There are 2 protein chains.
Amino acid sequence: MNSESRTWTAALLIIGDEILSGRTQDKNVAQIASWLNVQGIRLTEVRVVPDVEERIVAAVNDLRGASDYLFTTGGIGPTHDDITVDAIAVAIGVPVVVHPDARAALERYYETRGGLNDARLRMARVPEGAELIANPVSGAPGIRLGSIFILAGVPHITAGMLAGLTGQIEGGRPIVSVTVGAMAPESEVADLLRETERANAGVSIGSYPFFREGRVGANFVVRAEDADLAQQTADLLAASLESAGYPAVPGGI
Amino acid sequence: MNSESRTWTAALLIIGDEILSGRTQDKNVAQIASWLNVQGIRLTEVRVVPDVEERIVAAVNDLRGASDYLFTTGGIGPTHDDITVDAIAVAIGVPVVVHPDARAALERYYETRGGLNDARLRMARVPEGAELIANPVSGAPGIRLGSIFILAGVPHITAGMLAGLTGQIEGGRPIVSVTVGAMAPESEVADLLRETERANAGVSIGSYPFFREGRVGANFVVRAEDADLAQQTADLLAASLESAGYPAVPGGI
C-alpha cells in the first residue's frame, strides 16, 4: 500500500493523577496533536488515567489495536508513582529489563549530580525488546516498543523527545488547515457550513465562535489532506459568507 | 449507605475535533477536575473523541457504567458538527425531543439577536427525559439526563453551567491536598516518599519536580479525604526531608 494513500492514526494515553486532580494544566494533548499533524498522523483519541496499574494496562490494550501508533506521557520518573514501564510490560506480556544504553546515559547524566542510586536506576528499566528515545533535556530516555512510544510527562521534556522523533515515524500527508473568519453568528450560517462541507468530499469544516467587543463572530477552519482542495473550499466558503452579508476575512479573525 | 463513607467518581468525555487537531488548548479537564474535587467527587478518567457519532456512542457506553457521573463537554452548538445530543440519545436508547423550556430560553435570548431559526432551534433538542442546566452566559442550556451532564465546550460557558450545579450533586468528602516543597532531586528522596505513603493508609503522595535557576527541586502533594491525616502526613514528610538534609517548605515552593 502506498503510504500516501491511507490515513495514519495515533492515540495518546496520559498517565497522571496530577492531571485528573486538576493540579496540573495539561499541555501535552495540544503539543503532541500539533506534532503528529506535521508527521501526517491524526490523533484520534486521548485518554487520561490515574497512576494505577490495572487502569493503565486496560487503556493500553484498548488503544494499541485501534490506531497505528500509541503515545503515552507521564509516569517514567524515579518515584514510587512512576509505574508506566511496568504497566506497559504487563499489557504487552513481556518482562521489564534494564537497558544497558539507558543505564549508561543515566550514569553519565548523574556523574556530576550525586551518582546513580536505586531510584535513578528505575529510569533505565524498559519492557524487553524496547529501543530508547533520546532525551536532550534530562537524564532519563523515552522508550519505543514497536508502535508504542513512551514519553515523559513534563511538557518541555516531552518536546525534546518529540524533536528527536521528527521524521522518524511513517505517516501520510499532513492535514492542511485553511481558516476563514467572519463577524457572523454561527447559528446564522450553520446551513451554509453544512452545505459547503457536504459538497466537498474529503473536507471537514469546524466552526469556532468567539465574542469580542460586544459582537459575535466565528472562525471556520477547513481541513483536508489535499492542500488545493482545502484552499478551494475555503474560497468557496468565503464567497458564500460574502453573499450572505458577512465580509469574510481570509486567515481568520 | 452513608454518603460520607464511600468514594464518588466521575468520568469526563470531551467531544471535539478542535482538541484532537491541536488547534485548541483544552482548559476543561483542569476546570472540571477542580470543581469536582470541591463537590467531593473524584475524576477517574478523561477521554477525548472526535465529532463522530459512533465514537461518542461507544465512549458514553464505556464510561457511564464505570463511574457515578459522566460529564461531557462540546458539540451542543448550532452547527452541523454539533452532534452530542443525538449521539447520547443513541447511546441511551431514547429519542431526541425539543424541550419546551429550552425553546423558550432560546426565544428570549434571540429575541434581540435576529430571532430563532432552524440552526438555533437545534440547541433546544435534548434526549427524552432530560432536565436543563442553566446557562448564565449564552442562550443554549446544558442538559442533565440522570447521571449524565452535557455541558458546553467553550470554557467560560462551561464554567457558568458548573456554577449552577455547585452543591446540587451528591458527593463525598472533598479530597484535601497539603503541599510540601524542597530543593531535593526527587530521585534522591524516592524511597522516603514511598515509605511515607506506605506507612499512612488512605494517603497518596504525588511528586512534581521542577528546575529553576539552575537547581532542581520538587513539590510533594499529600492527598487524603481526612484533612487531619493529610496534614499529619505532610508534617511527617517535612520532618523526614529535613532529616535527609533538605529544608522543607510548607505550602510548596
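How many salt bridges does the rule find across the interface of chain B and chain A? There are 4, a salt bridge being a side-chain nitrogen of Lys or Arg within 4 Å of a carboxyl oxygen of Asp or Glu. One of the pairs I can name is B:Arg120 with A:Glu188, whose closest N and O atoms are 3.1 Å apart.

Before going on: this is a predicted model, in which local features need pLDDT of at least 70 and side-chain atom pairs count only at pLDDT 80 or more, while totals for chains, interfaces and linings use all residues. Residues are numbered from 1 along each chain as its sequence is written, chains are lettered from A and ligands numbered from 1 in the order in which they are written, and side-chain values use heavy atoms, with hydrogens and water left out.

Now the interface as a whole. 51 residues of chain B are in contact (heavy atoms within 4.5 Å) with 51 residues of chain A. The buried area, meaning the accessible area (1.4 Å probe) that two parts lose on being put together, summed over both, is about 4100 Å². Carbon and sulfur atoms give 49% of that. B:Arg23, B:His80 and B:Ser187 supply 16% of the area that chain B buries against chain A, more than any other three residues.
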